[in-house]
Amino acid sequence: MNTGALPVSRRTAMVVAILAIVGSPARAQDHGGRSSLVFVENTNSGDVSIIDATTFRVVGTIPVGASPDDIVAAPAGDVLYVTRIVHRPDGRPTGTGELVAIDPGTRQVSWRIAFRGVPNHLAVSPDGHRVYVTVVSGDYVDVFDPAQRALIDSVNVGTGPHDIEVSRDGKTVYVGLIRGTDVTVFDAATNRVLRRIPFGANVRPIALSHDETRLYVQLSQYYGFVVADARTGKILRRVDMPMPKGAKTPDTLPVTTNHGIRITADGRYLIANGSMTDLIGIYALPDLRLVATVPVGRDPNWVTLSADGRRAFISNRGSDDVSVIDLASRTEVARVKVGRYPQRMTSVALPR
């Protein structure tokens, strides 16, 4: 058997084959003639920054009005939904909110729906037929029909609903209570509450495993996250986040110790923000083995994935920028300046 170097022609063919599988950095974001964009909601500047996920540059800004709070793309990527806390001219909240729809192609606001109560997060059903908005000033989730552009129902879930996630099959909705201590689960067809999972502390962001067996929950004043059985509610374990080298966990923790948790598109990893320590932890699933920590900007708040799932974008509201994390090398490859106080983000792939 010949163990020497391959002939030039065979080496060339092998390189071409490898490139076809792996793809160059630019092609990785192409998606067959589609452009990958990340939309960043900036709460204090009242707008949405648009980041090109290939060049890591801001390519546009969409004004939406003061105090946007969350942004989520419809499953088809043809609509962006934004929740906004409405304020008076003197800056005081009115106790009302808006659901704002944006066309990501034209980068224009398409419509707005006003409603009572102060909104926080939102989620969209997998079929795009329902938009769920948590009303943190109350005890309910508002359910909107975007086709009718109307509020069609409200679901009583408990005090201070905050983060919300819909199961991949669209059958169940999970709501964390930031002024309560539970995650409330309700049926998406009937809007009937199915169960409540107690965590003993105010619930911050949540992440649901793809198979709906595990619920990963960040809590107020806990530097880590809790894992629960999503069906039985049994608490399975607590995972302490890593501290930076030479640092110690303080005796008194801030209320927002961690904020932002996401499972990668392939379901293999969990990304959790260490907001107090300006880093992220990347954990292998299902064993939750820590595989990397990556320093980011100040006060990381949210995690979203690029449309191809190869990169994570971390909003840093303390430094007004977004960290771009390459998930293969587990390193920060860029930091992009955006608007003031960036918080939630979403990504879509649009036709060029």
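**Exercise 1. Is Arg 317 buried or exposed, and which residue does Arg 317 meet in a salt bridge?**

Solution. 
Step 1. Take the cut-offs: buried is under 20% relative accessible area, exposed is over 50%, and partly exposed lies in between, with a 1.4 Å probe and protein chains only. Arg 317 has a relative accessible area of 13%, so Arg 317 is buried.

Step 2. Note the source. The model is predicted, so local features need pLDDT of at least 70 and side-chain atom pairs count only at pLDDT 80 or more, while totals for chains, interfaces and linings use all residues. Residues are numbered from 1 along each chain as its sequence is written, and side-chain values use heavy atoms, leaving out hydrogens and water.

Step 3. Find the partner. A salt bridge needs a side-chain nitrogen of Lys or Arg within 4 Å of a carboxyl oxygen of Asp or Glu. The side chain of Arg 317 meets that of Asp 299 at 2.9 Å, N to O.

Step 4. Helices (H or I, at least four residues) and strands (E, at least two) are DSSP runs, numbered from the N terminus. Arg 317 is in the loop between strand S25 (311-316) and strand S26 (321-326), and Asp 299 is in the loop between S23 and strand S24 (300-305), so the pair ties together parts 18 residues apart in sequence.

Step 5. Check the partner. Asp 299 has 22% relative accessibility and therefore counts as partly exposed.

**Exercise 2. Which residues are joined with Arg 112 into one network of salt bridges?**

Solution. 
Step 1. The network holds Arg 84, Glu 98 and Arg 112, joined by salt bridges that share partners.

Step 2. In the bridge between Arg 112 and Glu 98, the closest N and O atoms are 2.9 Å apart. Arg 112 belongs to strand S7 (residues 108-116) and Glu 98 to strand S6 (residues 93-103), which places the two 14 residues apart.

Step 3. Compare accessibility. Arg 112 is partly exposed at 39%, whereas Glu 98 is buried at 13%.

Step 4. Count the salt bridges in the model: there are eight.

**Exercise 3. Which residues have the most contacts inside the largest nonpolar core?**

Solution. 
Step 1. A nonpolar core is a set of buried Ala, Val, Leu, Ile, Met, Phe, Trp, Tyr and Cys residues joined through side-chain atoms within 4.5 Å.

Step 2. The largest one has 16 residues, and those with the most contacts inside it are Tyr 174, Val 183, Phe 199, Leu 215, Val 217 and Leu 219. Strands S14 (182-187), S16 (203-208), S17 (214-219) and S18 (224-229) each supply at least two residues of this core.

Step 3. Take one member. Leaving aside neighbours within four places in sequence, the contacts of Val 183 include Tyr 174, Phe 199, Leu 215 and Val 217.

**Exercise 4. What kind of aromatic pair do Tyr 216 and Phe 225 make?**

Solution. 
Step 1. Rings of Phe, Tyr and Trp (its six-membered ring) pair if their centres lie within 6.5 Å; planes under 30 degrees apart are stacked, over 60 edge-to-face, and the rest tilted.

Step 2. The count comes to five aromatic pairs. In the pair Tyr 216 and Phe 225, the centres are 6.5 Å apart and the planes are at 70°, so the pair is edge-to-face.

Step 3. Tyr 216 is buried at 4% relative accessibility, and Phe 225 is buried at 0%. Together with Tyr 283, Tyr 216 and Phe 225 form one aromatic cluster.

Definitions and conventions. Contact = heavy atoms within 4.5 Å.
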